[in-house]
Amino acid sequence: MSVEKKMAQEPCCSKLKMFLAAMCFVYFAKAFQGGYMKSSITQIERRFDIPSSLIGFIDGSFEIGNLLVIAFVSYFGAKLHRPRLIGAGCLIMAMGSFITAAPHFFQGLYKYETTVSHISASNGTESILPCLTNGSLAQDDIPTVEIQAECEKAASSSLWLYVFLGNMLRGIGETPVMPLGLSYLDDFSRAENTALYMALIQTVGIMGPMFGYMLGSFCAKLYVDIGAVDLDTITINHKDSRWVGAWWLGFLLTGGVMLLAGIPFWFLPKSLHKQGETETEKKSNVVEGEQDCFIPDNNKHSNAPDKPGPVSMAALAKDFLPSLKKLFSNQIYLLLVCTAFVQVNGFIGMITFKPKFMEQIYGQSASKAIFFIGIMNLPAVALGIVTGGFIMKKFKLNVLGATKICIGTSLLAFFTMLIQYFLQCDNTQVPGLTLSYQGVPQVSYQQNTLISPCNMGCSCSLKHWDPICASNGLTYASPCLAGCQSSTGDGKNMVFHNCTCVGDSPFPYANMSAVLGQCPRKSDCDYMFKVYMAVTVIGAFLSACGATPGYIILLRSINPELKSLALGIYTLIVRTLGGIPPPVYFGAFIDRTCLKWGTKQCGGRGACRIYDSGAFRNAFLGLIYGLYSLSYILWGVVYIRLSHREKKLALKNQLKAPEQDGNGVSAGNGNASSAIVKCGENADQETTI
């Protein structure tokens, strides 16, 4: 007995714990990469002058990479050396990050759109050029096809394809991590420790996005061409919608971290002994557990030999379709997959455009929005994940109990999201876009509303966005459209004078002056933003509490022999249907709320500069509400199926108990273990869930 206890006792630095530590690090590294990518969406959109729908497609290339290989990696990888496959994936992810950063080194210097280049002011002397009288910009000439093609080639406008390719490689490299890593851990750890280990991995993993967003916030404040230009000549700052941060710098750093994360996996064994097993248990190696109650009979048993020898790839391929058929006959598994991809649709769309939502609704800079997400929302998610794992371990909840946790926390989180709809700020006040030049609030998507009698004689361009903040508190689209007649100073310190539209506004000021940049929002908007952040932190915590129970429901509802394949197919479907479309259609809906598009260096429509905040809020939150509501309906169906299944098993246990007692079946192991045994026995009689 003492020998068995010693053998069951796990060493302090066992290989399983080494694998657990390596998994924590790789989850951190891949989340670090993913978090930084999400935080850089706005910067990449501005740098390549592309709409939100296209940047959503680029962001979805990560899932496309997963789609290409995940089914094969999950199935064949389970039979091969899983740790080394994860190590190879880390190497590919690092290469993807380096390729993503490559366009910066091929592009020329960033040239933001501005009309200030037409203004010659030096040494504080006045210039009378903002309001042009010769009509040189009024024509907004459209270049010929040949000229535009040459310009686009010189501007390297198609280099966003490198970002697409690099992100897709990251998706390919990430493929083995989740299905092979979690199945490896679940195979060789105690059943009661699985939830805690997964909670630990996810908690460490969630630290990755936190650091990724903080790195993104830091890089967003650095000018994209830092070190290559004189920053004193730049007339915009990090709060301007034309500002592009040093997005490329973070990808070099995250790629290096991923290289380090992959090293330990090359030195770990292909398989381990089950955690805490005695010698007798190692020989029998029988896997029994609560999932037997929820796995269909035709999914439970396999014709595989007890001691399989070397398996050829042809034999594995031959067994692939039957294994897939067994997997999809599990109705609980199918419902969980459908629920997950609907929820992931809402989550991916939300997290992709949340920084932009905070910029446009609450007037926050891109770097500040990213920073707040990193230091407030993500730690709340980490705390929620570990809380969910603790609840599962503390109360020893079964699958039905875990389902109740998932549904309850999701509904509470949804309530916090409903509150967000009422935490709004007014539109940025821009004459001709969000209000008339007479001060009447009216939203216009037409460019001709930018023309007013006060600037009609200036022959202004309607395409350019070069905002100035006037002394009356209004933001004008350009110095020309404000009717400014002169300017003093240079760079960021330039001041415009004699702006006729400022004098004609409902809030006239004697000096009729303006400075570069947009005007800040009203003070009550700052208060509203603080309330919004508090609500989102609570919602993030509640939502994350259901993450670990959700994984346990999935693992306990599938055949152990099909675990890697089931996790791989689950990831494939969720990533494909839940990861690729949302950034695209969320971006397309958001693009429809754009009030002023930027202009590319070669002409044509660039990135959006300002949105209608009311329409933006309706489109963004409306999509999230619809998707989450559908997921709750599916969760209800899952709960009904599981509870119905449990009632049937309980009834059969009661009917069979007298017969078992009569045959001398011992119940001396306690109520809990007896219930598990009976559950497994009766589950064998079921053919469907």
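Helices α2 and α12 run roughly antiparallel to each other, because their angle falls in the class over 145 degrees. This is a predicted model, in which local features need pLDDT of at least 70 and side-chain atom pairs pLDDT 80 or more, while totals for chains, interfaces and linings use all residues. Residues are numbered from 1 along each chain as its sequence is written, and side-chain values rest on heavy atoms, without hydrogens or water.

Helix α2 (residues 15–39) packs on helix α12 (residues 247–262) at about 165°, their axes 9 Å apart, and the crossing is left-handed. The contact (heavy atoms within 4.5 Å) involves residues of α2 including F25, F32 and Y36, and residues of α12 including W247, W248 and F251. The residues of this contact comprise 13 nonpolar, four polar, with Gly counted among the polar, and one charged.

Elsewhere, five strands form an open antiparallel sheet in the order β2-β1-β5-β4-β3, where pairing requires at least two bridges found by DSSP. Strands β4 (residues 495–497) and β5 (residues 514–516) pair antiparallel over two bridges, and V495 stands opposite V515 of β5.

Aromatic rings form 31 pairs, counted when ring centres lie within 6.5 Å. One of them joins F414 and Y632 edge-to-face (planes over 60 degrees apart), at 5.4 Å centre to centre and 75° between the planes. Because F414 belongs to helix α19 (residues 399–420) and Y632 to helix α25 (residues 613–662), this pair ties together parts 218 residues apart in sequence.

Conventions:
Axes are lines fitted to C-alpha atoms, for helices over the stretch in contact, and angles run from 0 to 180 degrees between N-to-C directions. Helices (H or I, at least four residues) and strands (E, at least two) are DSSP runs, numbered from the N terminus. Angles under 35 degrees count as roughly parallel, over 145 as roughly antiparallel, 65 to 115 as roughly perpendicular and the rest as oblique. A crossing is left-handed if the near helix is turned anticlockwise from the far one by less than a right angle, and right-handed if clockwise. Rings of Phe, Tyr and Trp (its six-membered ring) pair if their centres lie within 6.5 Å; planes under 30 degrees apart count as stacked, over 60 as edge-to-face and the rest as tilted.
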